[in-house]
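Here is a friendly briefing on the pockets and the nonpolar core of one protein model. Have the viewer open as you read.

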Amino acid sequence: MKNKEININSENLAYLDNEKGNSTLLFIHGALINKEYWTSQLSHFSKKYRVIAVDLPGHGKSTHNKMDWTGPRLGKDISKFIQKLELKNVIIIGHSFGSDVMLETVTVGDTRIIGLVEVDHMKNVGMELPKEVVNQLGQELNADFEQTCQQFAKQALLTEATDPNIVFRLLTDYKKMDAKVGIPLLQYGFSYAKREAELLKELELKLYSIHVHYLPTNEESLKKYLGDNYELHTMGGTCHYPMLENPKKLNTLLEKLFTEIAK
């Protein structure tokens, strides 16, 4: 696996790439973390596919020259990334906020994308947070970005059974995050529900979802916006980060989905 860098729309994006294979698995991480979270998946699938994990702008080792943290901007960046590397038969795997970046990428209309897999994100599609809650979260982030992020992670993303090493890793990565990137990115995400629902209604490719049931999924919301154009798989025994806490089980599920998409 090679550490590489490419200039995309005035940003230098860092990525990992094995540089071989006729079909490409493109892994997109969630907010405030980085491409290294996909290490187990890259290793597992590198024998059969071209595997790539990219740091989104402002994350990991990528730059953040443009202070625009909207979904359409990030989708255009990833679409350009796919085009510039001339990737073929692309299956995008998006975790958490990375799933929304995945949806935005598809709207650009690149026919090289043949499959979409979202990991533990779209559990309450179309569910908008009350404005007062969004405003309160914004105030807390601006007052103490690091503490607010860590508190949110402990309450909503981690469980009491989560490996302490994973907890430490996540909270350390949150601490490293530039607040000038993290705050507007999270604030945009808090108000993204309507946009997400609209993109799902327009989606032509089938959406494959892998959800961890430490928090329940409102499957009716998926049906409302996708009809029969989705397939939901659930797994237990992990927090919001199954790629770290149970990579073997996640890889088995992904392998099944990739085979189905390839058909």
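In this predicted model, the largest pocket holds about 1200 Å³ of space. Its lining counts 42 residues, and Ser96, His121, Phe152, Gly189 and Phe190 are the closest to the pocket centre. The second largest pocket has about 250 Å³.

**Largest pocket**
- Two or more lining residues come from each of these elements: α3 (97–107), α4 (131–143), α5 (145–157), α7 (179–190) and α8 (193–201).
- Among the contributors, α5 gives the most, with 7 residues.
- Sorted by class, the lining is made up of 25 nonpolar, 11 polar and 6 charged residues.

**Second largest pocket**
- The classes here are 6 nonpolar, 3 polar and 3 charged residues.

- In soluble globular proteins, nonpolar side chains tend to be buried together.
- Here the largest nonpolar core contains 85 residues, and Leu26, Phe81, Ile93, Val117 and Tyr241 have the most contacts inside it.
- Helix α11 (residues 247–262) provides the largest share of this core, 6 residues.
- Which residues does Tyr241 touch, not counting residues up to four places away in sequence? Tyr241 touches Ile33, Tyr37, His95, Leu157, Leu158, Leu170 and Tyr174.

Note on methods:
Residues numbered from 1 in each chain as written. Predicted model: local features only at pLDDT ≥ 70, side-chain atom pairs only at ≥ 80, totals over all residues. Heavy atoms only, no water. 1 Å grid on protein atoms, 1.4 Å probe; cavity = no way out; pocket = protein on both sides within 12 Å on 5 of 7 lines; lining within 4 Å. Points joined across faces, edges and corners; volume = space filled by probe spheres on them. Helix = DSSP H or I, 4+ residues; strand = E, 2+ residues; numbered from the N terminus. Nonpolar A, V, L, I, M, F, W, Y, C, P; charged D, E, K, R; others polar. Core = buried A, V, L, I, M, F, W, Y, C linked by side-chain atoms within 4.5 Å. Buried < 20%, exposed > 50% of the residue type's maximum accessible area, 1.4 Å probe, protein only. Contact = heavy atoms within 4.5 Å.
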